[in-house]
Each structure stands twice: as structure tokens, then as C-alpha cells.
Amino acid sequence: SAPPVQRRRVGRASGWRRRWGSWLRMLPGLAALGFGVVAYRGWLQARSQIEALVQYEDKLSLAGDSEVVRGLHASSSYAAMRASEAHLGLPAALPAPDLLPSGDPPRLLRLTAPEKNVLVATVRRTFRDSTGQEFAFEIAQRYQSVARGRWLRMPPAPPAPASPRVWQGRRLAVVYSAADEAWAKDALPRIDTALKTACQTWDCPDDLRIPLIFSGRWEELPPPPALLRAPPDEPYPIAFDLAPPMYPAPAPLRFRTVAAGIVLPSPHLTGWPSDSAAGEVLTRAVAARLLTALASDLAGFTSNRQLGRVFVTALVARAEIRSGLSPIAGPEELPPLSPAAYYPPDTLWSVSGLFPANEKNSARFIQQGRSALSFVNYLLETHPDVSEAALLRNPGRAPSLARWLLDALGGLPNLSGLIAEWEEAALAAFDARHPAATAAFNGLLSVCQGMPYLQKGG
């Protein structure tokens, strides 16, 4: 008989081969998944480290620990700038000079990795104006990995090469980058309108136009502001935070080109407004800066000649309020001058605002500005024939308040009588608003510099 046929058991072997093949085909995907998990864990760890570093630097800056802040940076020159800001209690450059840090911790919104060992954090911070309202701004901060788990902050990236945008108005000529277009297209016409309105009151020369450049290079930025203030007790005009001017023009403003001019930081460098309310704050601050520069030019101020500065600042405050740019909606919302804020006008003529930056000095300058604004308002209300243009005519060259008023009024006023009338009106307005405070101090005898004074009427 024939031998039995040997049958191959192919089914079982083929099944194993198919399963092994499936596993082998899945290996790259499993490996990629594993690498992805590891990378994601590393990304979360890096995000946590950057977030902690952002909050740590802000906490040190608010405490004024400038030397420790200096050690958190990779660039010595940028570290020096950040240390000078931290010395003043600033966690970052101020988006607008009338703002102060709110003290709230920063918030990390986004984290990107544009290149190897470099992360860019988009950080949101909140700031307060003199009314106590809070506004949010966003800024990109770069960090470089220098060791495992250790990051140092890098300077802001240089602006992308692109053709600058040029905007021309009646009183304003601006150069800015395309990155700022979203804010600039609405803000610049409003700022130009404010300058045109001021020039109608101040009798500007026809060819006067302010050249303005928004710079995206941190190396070109001016030092931190010379004025810092305590948390506000009452709202006041932005102009009081701008004396002496933080960004003075390098030359008179009577030229038609934009080859040189006032340099302000690009909003992307100091903080991009998070919403329309923050954008409005930025617009108001830029307009107030330019009104201050315009008034300084008309007044004939130079770096060595600042007499009458506080009274010119008061005129800027009036223009700011008229244009709807101030935190104060109108003259009727100005708080009455309190006895604590009272300074005799003849003692304010030499006040320039050039003093060491601290809360005491800045608070005093704001009170002096309130006194000057109250006096200028009273002067213009009681002397309708006097114009702001006449008051702006060369106060920097007048040696005294009396000489300034002599030139503006066309005759020497009874200065002591004018000041006494203003004092009576100003204190009467305060008495009407705060009768209890007036009663508490009325009749109090005090001594100042060896002279006795009887407190009367507040």
C-alpha cells in the first residue's frame, strides 16, 4: 500500500507570523507614542519651570531686589536694564507712565519653542491707573536653557525686518512697524486730533509737527521713569506722571521730516493691550506724552531751563481733560484742593520735578501739580482776557511767577491779593466737600519754620 501523505500544519504557523508581523508594524507607532509621552512630560516640566521663573522674577522686582534679578538674565546689558527697573519696584517696563503694577502675580498664557533650547513665554500682567482701575497687557519673554532644568532670560528678539509704516497727520508724523498696525490705525488719528485741538488753544506755528518713532529695539529705550508714586488716593491727570518729560525731543519740533524725533517703545516691547480698555489707556498715555513735549517746546524749555515747569504741566493737564484723554472726565470731576495738597504758587516756580525717584518725592510733585492746576484754573476763570497761549509764551525764561504773570497779563497783578483770593476759593470748595475735616482742624495752632499759624477754614 502507498505510504500516508504528510500534511503540513500551515494554519498555526501562519497565524503566528501574522501576529508577529502586526506587532512589528506597530513598533514604530509605539515608539513614537513613547517618545511623545516623554516629550510631553518634558514640555510640561519646562512650562512649570518657566512659569515659576516668571513669578519669581516678578516677586523679586516688586520687592526691589535688583541684584538677584540681575543674575536671572543671560545678557549683561539687558540684565542691567532689568535691575534698574527692579530697583524701582517694577516687574517689567511700564506700558504707560501713568500705570503702576497691580501686585497680582503674572499669568503665563502661552509657551512656544521657536528654536533649539529657547522658549518664548507670553506673559500677562495687570496694572492700575490713578482711578484704581486695572488693565491687562501681554509681553513675550524669551528664555534660554543653559543646563538641565536651568533657564536664563534673554533680551527681547530684534524686530523682524520689514518696511516701516509711515503715518502723517496735521500735527503728527509717525514711523512704526507693521506689528503695531492693529493699535496704531485707530490710535494715531485720535492722538493727532488731540494735538490739533491743543494747538488751536495754544496758537502753535503752522509748520509745527511732532515727529514720533515707535522703536522695537530694547537698546534704544530710555531708562525707567524718574517718577514713581504711591497707590493713588484720588485720580489726577496723566500729565502729572510725565514731568520732567520722559522722552524729550532732541531738537525743536519745527521740522517736517521724521528722520529724528521723539522715540517711544513699540507696544509689543512694553506690553500689548489685552483688550480695548487697555488699548485706550495706551492711546491716552501716548497723547499725554506728546502734549507735554509740545507744551515744553512752546514754553522754550531746555534741559538746563525748567522754571515754571509745574505750571506748564497744569496747562497740559487742562488740554488732556478737554480732549477726553484723562482719567478725569471733566473739570467738574477734579477733586477739590485739600489743605494737605496746598502749596503757595510763588513757591512752585522753581519746581522742575528733577529729584530722586521715590514715593515721597513723587507724591509731593503730584500735590504740587494739583496746586498749580487749581491756581491756573482760577486765574483763567477770573481773567477771561488771558489765554493759555499767553501763559505758554516763554515761562522757561521768566525768573519768577510775578514776571511770568506780568508778561501774560500785560501788567503786573496784585500777586499777593490774587493768591489770597485763590486760597479762599480753593479752601471753601474743600470745606463744602469735607465739613468734618474742616471742623477738626479749625482753630488749631501750629508752628512751621519758627512761625506760628492759626488754622482757619480748613
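Buried means under 20% relative accessible area, exposed over 50%, and partly exposed in between, with a 1.4 Å probe and protein chains only. The model is predicted, and local features need pLDDT of at least 70, side-chain atom pairs count only at pLDDT 80 or more, while totals for chains, interfaces and linings use all residues. Residues are numbered from 1 along each chain as its sequence is written, and side-chain values use heavy atoms, with hydrogens and water left out.

**View A. Salt bridge between R82 and E57.** The closest N and O atoms of R82 and E57 are 2.9 Å apart, a salt bridge being a side-chain nitrogen of Lys or Arg within 4 Å of a carboxyl oxygen of Asp or Glu. R82 belongs to helix α3 (residues 76–87) and E57 to helix α1 (residues 10–62), 25 residues apart; helices (H or I, at least four residues) and strands (E, at least two) are DSSP runs, numbered from the N terminus. R82 is buried, with a relative accessible area of 1%, and E57 is buried at 2%.

**View B. Salt bridge between E138 and R124.** The N to O distance is 2.9 Å, and the pair links strand β4 (residues 134–147), which holds E138, to strand β3 (residues 118–128), which holds R124. E138 is buried at 16% relative accessible area, whereas R124 is partly exposed at 26%.

**View C. Salt bridge between E388 and R318.** Here the N to O distance is 2.8 Å. Because E388 lies in helix α9 (residues 388–391) and R318 in helix α7 (residues 309–322), the pair ties together parts that are 70 residues apart in sequence. E388 is buried, at 5% relative accessibility.

**View D. Network of E57, R82, E85 and R153.** These residues are joined by salt bridges that share partners, and the whole structure contains 15 salt bridges.
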